[in-house]
Amino acid sequence: MASLTGKTALVTGASRGIGRAIALRLAGDGAVVAVHYGSNESAAAATVSEIEVAGGEAFPVRAQLGVDGDVDELFDGLEKGLAGRPLDILVNNAAISTSEATIEAATRDQFDREFAINVRAPFFITQRALPLIRDGGHIINISSGVTWFATPQIVYSMTKGALNVMGRALALAVGERGITVNNVSPGVTDTDMNSWLHDSEEASEGVKQIVALKRVGQAAEIADAVAFFAGNDSRWVTGQTLDVNGGLWLGRGVVQ
Ligand SMILES: NC(=O)c1ccc[n+]([C@@H]2O[C@H](COP(=O)([O-])OP(=O)(O)OC[C@H]3O[C@@H](n4cnc5c(N)ncnc54)[C@H](OP(=O)(O)O)[C@@H]3O)[C@@H](O)[C@H]2O)c1
């Protein structure tokens with residue numbers, strides 16, 4: 001029997017990239033997966049279809065996050081799909097990164113939108129999910145290495161810092177119910193969010209120089225870490241952030 005047989009999971013932003021890989025992995029481990037997406041219906045359908053072809057169970061849930069009514073729309077679709085079953089695993093993955101939102105150029109609208117999608121939405125999704133989550137369940141937030149190294153995208157980094165703080169406080173708040181809360185913090189991963197990686201040879205070469213394992217990460221490698229936190233092997237781990245990045249910025253190889 002697969003390790004997550006009989007369990008259910010909601011993965012936000014599961015139509016593409018890391019969320020898609022997480023949905024595939026959790027479904028492969030036996031969970032029924034709610035594949036959330038914002039607008040890319042065909043990508044969400046492709047994720048669901050790939051899960052079903054592999055013998056798993058999934059259903060799509062549409063909700064544009066960061067707008068009024070987002071959480072209501074998401075839970076309407078989720079509860080319909082769950083059909084009375086409780087939730088065991090919540091993965092807060094959906095996020096945006098606005099490259100222009102630097103200290104010099106960020107507008108209030110960009111700031112508010114990025115916080116609404118990356119912080120407000122996971123907070124209120126979690127609040128709404130908690131009564132549905134079985135005791136002993138698991139919450140995993142997808143953070144980022146930019147919480148500990150600086151980039152020009154200061155607003156994005158701030159949103160991920162807020163998510164890390166949420167994870168620790170939440171772990172304490174729900175510990176009595178046996179629910180674990182952990183953050184997975186990817187490094188540079190090959191997804192649509194990082195389409196610049198394919199712009200030139202130099203782009204991916206530059207990444208290799210700062211990664212100990214000398215390559216860009218793949219979404220499935222992030223999903224494997226999420227699967228650890230979604231399963232029983234991590235039952236004694238909560239309130240933690242795990243960097244999953246191939247050894248990003250470990251230091252210079254040669255001291256001269
Ligand atoms: N890629 C990296 O190198 C990297 C590094 C560190 C952290 N992360 C984090 O990893 C997570 C996944 O990133 P990714 O690279 O896989 O991103 P991605 O390829 O851009 O995919 C984003 C996903 O989130 C959904 N989404 C975005 N905005 C939404 C909104 N307003 N409402 C509803 N859904 C929305 C998208 O749905 P649609 O398909 O419908 O648009 C899509 O499924 C994010 O939290 C990101 O911050 C990524």
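I first sorted the lining of the largest pocket, and its residues divide into 21 nonpolar, 22 polar and four charged. Ala, Val, Leu, Ile, Met, Phe, Trp, Tyr, Cys and Pro count as nonpolar, Asp, Glu, Lys and Arg as charged, and the others, with Gly, as polar. The model is predicted, with pLDDT of at least 70 needed for local features and 80 or more for side-chain atom pairs, while totals for chains, interfaces and linings use all residues. Numbering starts from 1 along each chain as its sequence is written, and side-chain values use heavy atoms, without hydrogens or water.

I then looked up the space in the largest pocket, about 1200 Å³ (an open set of 1 Å grid points where a 1.4 Å probe fits, protein on both sides within 12 Å along at least five of seven lines; lining atoms within 4 Å of a point). Among its 47 lining residues, Ala95, Ser97, Tyr156, Thr191 and Met193 are closest to the centre. Helix H1 (17–28), strand E2 (32–37), H4 and H5 each give two or more residues to this lining. H1 has the largest share, three residues.

I went on to the second largest pocket, with about 320 Å³ of space. It is lined by 21 residues, and His138, Ala230, Gly231, Asn232 and Asp233 lie closest to its centre. E4, strand E5 (133–142) and helix H7 (219–230) each supply at least two lining residues, and E5 has the largest share with five. I sorted this lining into five nonpolar, eight polar and eight charged residues.

Lastly, I noted where isoleucine 103 sits: in the loop between strand E4 (87–92) and H4. Isoleucine 103 is exposed, with a relative accessible area of 66% (over 50% with a 1.4 Å probe, protein chains only).

Conventions
Helix = DSSP H or I, 4+ residues; strand = E, 2+ residues; numbered from the N terminus. Buried < 20%, exposed > 50% of the residue type's maximum accessible area, 1.4 Å probe, protein only. Points joined across faces, edges and corners; volume = space filled by probe spheres on them.
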